[in-house]
Amino acid sequence: MKKKTGLSHIHMCVDRILTGEQKLRAMQLSIKENQKNQPVHKRLPGVSNHPMKMALETGKMWAKGRKLKICFLDGSKIQKQKVKDHATQWLKYANVKFDFNAARTKSDIRISFKADPGSWSYIGTDNLGIPKNEPTMNFGWLDDDTDDREYNRVVVHEFGHALGCIHEHQNPRGGIKWNEAKVYQYFAGPPNYWSKQDTYSNVIEKYSINQLNASTFDKKSIMLYSFPGELIVGGKPTLMNYTLSTRDRSFIKKMYPA
Ligand SMILES: [Zn+2]
């Protein structure tokens, strides 16, 4: 039996990190996709940047008006239909389109329900760096009978990543002050069992400000998870958000204008 979302523990989405080779390929394809992804930095005359450093500073936004080619690698009819129904919420605000009937060999996004027990997605044009026979998005705990509210929370969140949104708790403009010792202890336990490095890169580490067009911290964002107060200095928990916040909507509208 699959693990279900525990009430007392956060079932958290894990960041997908590209390997070196994938990163370089994603960088080239990202710039080809959208000129705005070009790294912005001041270069000293005569000094070239290391390609891996450039890759870190490359943007991840799709071209405006882009039709994203999506395919399902597995899953039941019900699972697929529910994902489609909830994912399209973004389309009210973002000038992109979803084609859910794409051939795998031509796809940008590949969805699985059983790659592993977690839920995750690569971020924006990072998806382009992944081989066409691998999933780029996984829904490890969404079954036929999972309730609609949970579907909405998880599907809208993962599609947020696919469109280029990062986790709100890793917003480079800050927002949460962690009780770090407690954070490491908490995520080392069930259901995550993360190493110190996993916890650092999934929770504590902030993104580079160059890399993303981050807005200021939004406590109502669908990209924010609910964290217990014991993990946060001051002891105030973050909210469990089930729908797109006002700022999620305006942010994605700004990223993909009509
Ligand atoms: Zn996530």
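Which residues of H3 are buried? In helix H3, the buried positions are Lys 82, Val 83, His 86 and Ala 87, a residue being buried if 20 or more other C-beta atoms lie within 10 Å of its own, exposed if 12 or fewer, and partly exposed in between, with C-beta atoms placed from the backbone. Viewed down the axis of H3, these buried residues fall within an arc of 120°, so they line one face of the helix; the arc is that of the directions from the helix axis to the C-beta atoms. Lys 77 and Gln 81 are exposed on the other side of H3. The cover over the buried residues of H3 includes strand E2 (97-99), E3 and H4.

The structure is a predicted model, in which local features need pLDDT of at least 70 and side-chain atom pairs count only at pLDDT 80 or more, while totals for chains, interfaces and linings use all residues. Residues are numbered from 1 along each chain as its sequence is written. The chain has a mean pLDDT of 87, and 86% of its residues reach 70 or more; pLDDT is the predictor's confidence in each residue, from 0 to 100. Over residues 1-8 pLDDT stays under 50, and for this stretch the model has twelve contacts beyond four places in sequence. Two residues are in contact if their C-beta atoms, placed from the backbone, lie within 7 Å.

The chain contains seven helices and five strands. Helices (H or I, at least four residues) and strands (E, at least two) are DSSP runs, numbered from the N terminus. Along the sequence, these elements follow the pattern α-α-β-α-β-β-β-β-α-α-α-α. Of the 258 residues of the chain, 35% count as buried. Among contacts between residues at least 6 apart in sequence, 76% join residues at least 24 apart.

Helix H1 (residues 20-33) has 14 residues and spans 20 Å from its first C-alpha to its last, close to the 20 Å expected at 1.5 Å a residue. The expected span of a helix is 1.5 Å times one less than its number of residues. Ala 26, Met 27, Ser 30 and Glu 33 are the buried residues of H1. They cover an arc of only 130° around the axis, which puts them on the same side of H1. Exposed residues Glu 21 and Lys 32 are carried on the face of H1 turned away from its buried side.

Helix H4 (residues 148-162) has 15 residues and reaches 21 Å between its first and last C-alpha, close to the 21 Å expected at 1.5 Å a residue. Its buried residues include Arg 153, Val 154, Val 155, Val 156, His 157, Glu 158, Phe 159, Gly 160, His 161 and Ala 162. Among the elements covering the buried residues of H4 are helix H3 (77-87), strand E3 (109-112), strand E4 (119-121) and strand E5 (137-139). Glu 150 also has its place in H4, and Glu 150 is partly exposed, with 16 other C-beta atoms within 10 Å. The C-alpha atoms of Glu 150 and Tyr 242 are separated by 7.6 Å, although the two residues are 92 residues apart along the chain. After H4 comes Gly 164, with a positive phi near 115°.

Two packed helices are described by the angle between their axes and the distance between the axes. Helix H5 (residues 180-188) and helix H6 (residues 196-204) pack at an angle of about 115°, with their axes 9 Å apart. Axes are lines fitted to C-alpha atoms, for helices over the stretch in contact, and angles run from 0 to 180 degrees between N-to-C directions. The contact is made by Glu 180, Val 183, Tyr 184 and Phe 187 of H5 and by Lys 196, Thr 199, Val 203 and Ile 204 of H6. The loop between H5 and H6 holds Tyr 193, which has a positive phi of about 55° although it is not a glycine. Tyr 193 counts as exposed, with 9 C-beta neighbours inside 10 Å.

Ile 232 is found in the loop between H6 and H7. The C-alpha atoms of Ile 232 and Asn 179, 53 residues apart along the chain, are separated by 5.1 Å. Met 255 lies in helix H7 (residues 246-255) and counts as buried, with 22 C-beta neighbours inside 10 Å.
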